[in-house]
Amino acid sequence: MKYITLTLMSLSLLFTLSNCASVPMPPTMAPNAPADLSKTEAEYRARQVAETRYNLYFDLTSPENFQGRVTTTFELLKTYNGLRVDFFDGIVKNVSLNSVPVPYTYNNHFIWIDKKHLKTGTTTLVVEFIHKYSKNGSGLHQFIDPDDKKRYLFTDLEPFDANNVFPVFDQPNIKATYKMTVKAPKNWSVITSVRESEVKKEKDHDLWSFPQSARFSTYIWSLHAGEYHVWEDKANDIPLRLFARQSLAKYVKSNDWFQFTREGFEFFNEYFAINYPYIKYDQIIVPEFNAGAMENVGAVTFSERFVSRGEKSEQERMSLSMVILHEMAHMWFGNLVTMTWWDDLWLNESFATYMAHLALSSTGEFKDKAWVGFNRTKRWAYWEDQLVTTHPIEANVPNTQQAMANFDGITYGKGASSLKQLAYYIGEDNFKQGTRAYFKKHAGGNTELKDFIAAMDATTNKNLVEWQKLWLQTSGVNTINADFVCDKNKITKLTLTQSSAPEHPHTRPHALQVALLNQKQQEFFVEHILKVYISTASANVSEAVGLPCPKIVFPNYGDHAYVNIKLDPISLGHLKHGISNVKDPFLRNLFWSSLWDMVVYAKLSFEAFGDILLTGSLRNEKDPFILREMIQRLSGSYKPSVIGYYLIKEGGASRSYKKFVDRTESLIWRRLKLAKPGSEQQKIFFDGFVKVAESPLVLKRLRRILDGGIRFRGLKIDQDKRWSIIYTLSSRGYPSVKSLIRREAQRDTSHQGQLSRVSSEAALPNWNKKQEWIKKFTDKSSAESFAVLRSAIYSLFPTHQSEFRKKFSGEFYNHMKTLGAGKETHKARTFTALTPDECQNPENRKLEEFIKSHPDMKPTVVKQLKIHNQQYERCRKAIELARSKKFSM
C-alpha cells in the first residue's frame, strides 16, 4: 500500500502545481532532457496538451528514405517552459505554429519549442521531415525481397518508436485520431487502422487517402505498404484481410488464419459484451519482425516465423491460434482501454495472455490443450520470478527505456497466472462481469491498477485490496507442499504448507485443488479432488480425513494456482518409475514440469531425470505435447538441457557422455522409424533426431536423409527440414558441409533461405568465420539487416563449441561496453547471447564485476547480463549436485 499511497500523493501534488500560476519544471522538461521520455515528463505533458489530432502525409516512393508532413492540432492547456515533440534520428525541414514559422531546437531525439512562442488554446503545429527506413525492425522498416526484389514496409512502434516515424507526442495517455495521405508506388497496398477512402491513380504513383480514425494511443498506430498478396473473408459483419509477401504466399494456410480469427471474434464479442470496436481487421505477415506479433489497431502484424514451408505440426497450429487470439484480445485490453503509463503494462499483456488461453479453451479444435500451452507460459513466469531481475506485476517504470525491459515473463506469464488465479478465487462469472463493467466504464480511456481492482471488487465480497497488494505489488513465487499421514489405508491428516524465498517473504492467498491419486493395474488415476483455500503458512485439509490413502498427492490440480510444487517423498517415489502411468495427460505434464524444476534448482540430479526419460517415459509416451517437451529438455532446445549438463560435467570425450548420447540417439531413432506415417509423433521424433544427432554414424544418417537415401513414408523433407539438417551438420563440422551450405543456398534463394544459410555458416566450428560475423555485428556501418545479424549471433556458439565462446570471452566485454551504452538497444540485447559461459568455464568469472562497474548500460542489457550470471550460478549448483551424488530419487 505504501507505493500506491506515495503515488496518489505525488499525483495530488502534481495536480496542485499544474493549477499554480508559476510551475517549477522537473529537470527533464527542458530542451536538454534525456532522449528517453520519463514518466514525470509524460505526466506534465499529458496536462499540457489535449484533444490531439494528427493529419499525416507520407511519400514512400523512394527506397532511400521517406518524406512526410504532420499537421498536429491540439488544445494547449499550459505553456510551461516549452513543448517537447518526440522525433528520433530524422531531418526536420520546417516547423510552423498556427501557420507561422517558429524557431525550434532539435537534438536528434525531440523538437523543442520555447514557451515564448506558445499560447494556450487551439494550436496547429506543422512539421515537414525526412527519415531513413529502419533496418532493425523498429519504426518504419523496409525489406527488399531477395527472390523478386519487391519492396515491403511495416511499422513496429511499442513502446516508444512512433517518434521513429514522425514527430509526435509519443506516450500512451495522449490518445489521438489519425487522418492520412500516402504517396506510394503503383500496385502497392497501403494498410493502416482504417480502409482507404480513395486511391488516385497518377502516372507514376498512387495517392492513397484515409479518413479520420478512431482515437487511440500512438504506439498502436501503423503504416504498412508494399506489393502484398491479399486474402479476404468476413467474421459476421467484420471485414477480414490477410497479407503476406508475394513470394511467401504459396506457403500461407489462409484457411487456418481466418478460422482462428472468426472463432476469436465469436468468443470475445460475447465475453466482453462490447463488440469489436473498430471497422475492419487486417493481419499482415511481415519479414524481419522482432517480436511474435503486434496489436496495431485494425492492422495486426505477425512474424513470418508463423509460416512453415511444409506441413505444420499440431503445436505450431495451436501456437498460431493462441497468438491470433492474444493480439485480438488487445483490441479491447490495450487498444480500447489503455494503461496510463508503462508501469501498468500488465493491464495489456497479462490480460491478452490469459484471455487468449481462455478463448482457446472455449472454442475451436484446441480446447483440450489450451491450458497445457498456458502452463508453458507459467513456467516462463516461475523462472523469471526466481531471478534477481524479478519485479512486481505492477512495475516501477521511470522511463521508456525501462519500459522495454518489462516485456518479460512477469508481465506476460505471472500477470496472466494471477488473473487465472483471481478468476478461480472470486468465481469465473464474477470475473467476467467485472471485465464487462471495466470496459463499459473506461472504453476509449486510460486506466491504472485501481480502476481494474474497483471493477472486480464490485463483483465479490473477497478482500481484493489485500489480494492486490500481495499479488500485484510484490515479487516472488510461493512453494506449496503437501504432507499426509495414513492409518489402516485411510488419511488421518493432510497438511498444506506455504513457504517463500527469504528475499521475497510474502505469504499469499491461494485457491487451489488438491488431487489424490491412487493406482489400479499400474495406472495412476485421480480418485478425489479437494478445493482448498490457504492464506497462512499452513492449512489442514479436514475434508481429506477418512479418504483412502493415496499413492500420489498433487496440490495444484487444474493448475489454478501460481505456485511451485514441492512433491512429498512418497509421491516422488511412485513417480520415479511410474510417471508415464499417470492417466491424465495434463496432470502428467504438470508432474514432468515439477521434476524439471527440481533439476534446474539443484534438487534433483539431471542424471536421474535423464534416466527417468530414457528408461521408460520416452519409450512409452504418446501425448504429442509431452513428447515435444521431453525431447527439448533432453536435447538443448531448453537451456539448460540434460545433454548440456552432461557435456559440462563430463566433457564431450568422456565415456559416460558418449553413452548417454548414444542411448538418446538410438531411442529417438527407433521411435521415429516406428511412428505412424504422417502422424504428429513422426514430426516430433524427426525434429528430435535432428537436434540430438552427434555421433559420426548418426550424422552420416542425417546426410543420407538430406540426399534422399533414407525416406520416411508420410514425412516430406521440406525446405525448412533440409536447413535444420544442414545446421546440425554444420555445427558438428561434418565433412564437406561448406559445399552443402552453398548448394542449398543456390537451391533456396528466399529470405528464409538467406537466414538459414547465415545460421549454418555462423555455426561452423571455424574461428575466422565467427570473427567475420562478430565484426559485421559490431560495425555500425554494416549493410546487413538486424534480422540477418541476429541469426548469426544466435548461432555462433552452440553448447558443444565451448572452446570458441571461451576464446571470445576477452573481446566480449569490450564490445559489450560499447553496445550496452549505445543507442541500438536491440543489438546490445542480442549480443548478450555471446556472454562468456561461467558454468562451462567457472575459472574465468568476470561477469558480475562487469555488471557492477558499468551502470550506464541500457536496462534491458543489464537485465540480460544479470540473468546470464544467475543462470550460470544455478548451472554450477546442478553440476555440483550431480558430482556429489547427493540427490533425491
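Asn98 is partly exposed, with a relative accessible area of 37%; partly exposed lies between buried (under 20% relative accessible area) and exposed (over 50%), using a 1.4 Å probe and protein chains only. Asn98 also has a positive phi of about 55°, although it is not a glycine. The model is predicted: local features need pLDDT of at least 70, side-chain atom pairs count only at pLDDT 80 or more, and totals for chains, interfaces and linings use all residues. Residues are numbered from 1 along each chain as its sequence is written, and side-chain values use heavy atoms, with hydrogens and water left out.

**Backbone in loops**

- Asn98 lies in the loop between β4 (91-97) and β5 (100-101); strands (E, at least two residues) and helices (H or I, at least four) are DSSP runs, numbered from the N terminus.
- Ala602 is not a glycine either, yet has a positive phi of about 60°.
- The loop between α13 (585-600) and α14 (606-620) holds Ala602.
- Ala602 is partly exposed, at 22% relative accessibility.
- A cis peptide bond, with omega near 0°, runs from Glu158 to Pro159.
- Pro159 sits in the loop between β10 (151-156) and β11 (176-184).

**Nonpolar core**

- The largest nonpolar core has 280 residues; such a core is a set of buried Ala, Val, Leu, Ile, Met, Phe, Trp, Tyr and Cys residues joined through side-chain atoms within 4.5 Å.
- Phe58, Leu60 and Trp221 have the most contacts inside this core.
- Beyond its neighbours within four places in sequence, Leu60 is in contact (heavy atoms within 4.5 Å) with residues including Phe66, Tyr133, Leu140, Trp188 and Leu223.
- Arg151 and Lys183 are also among the contacts of Leu60.
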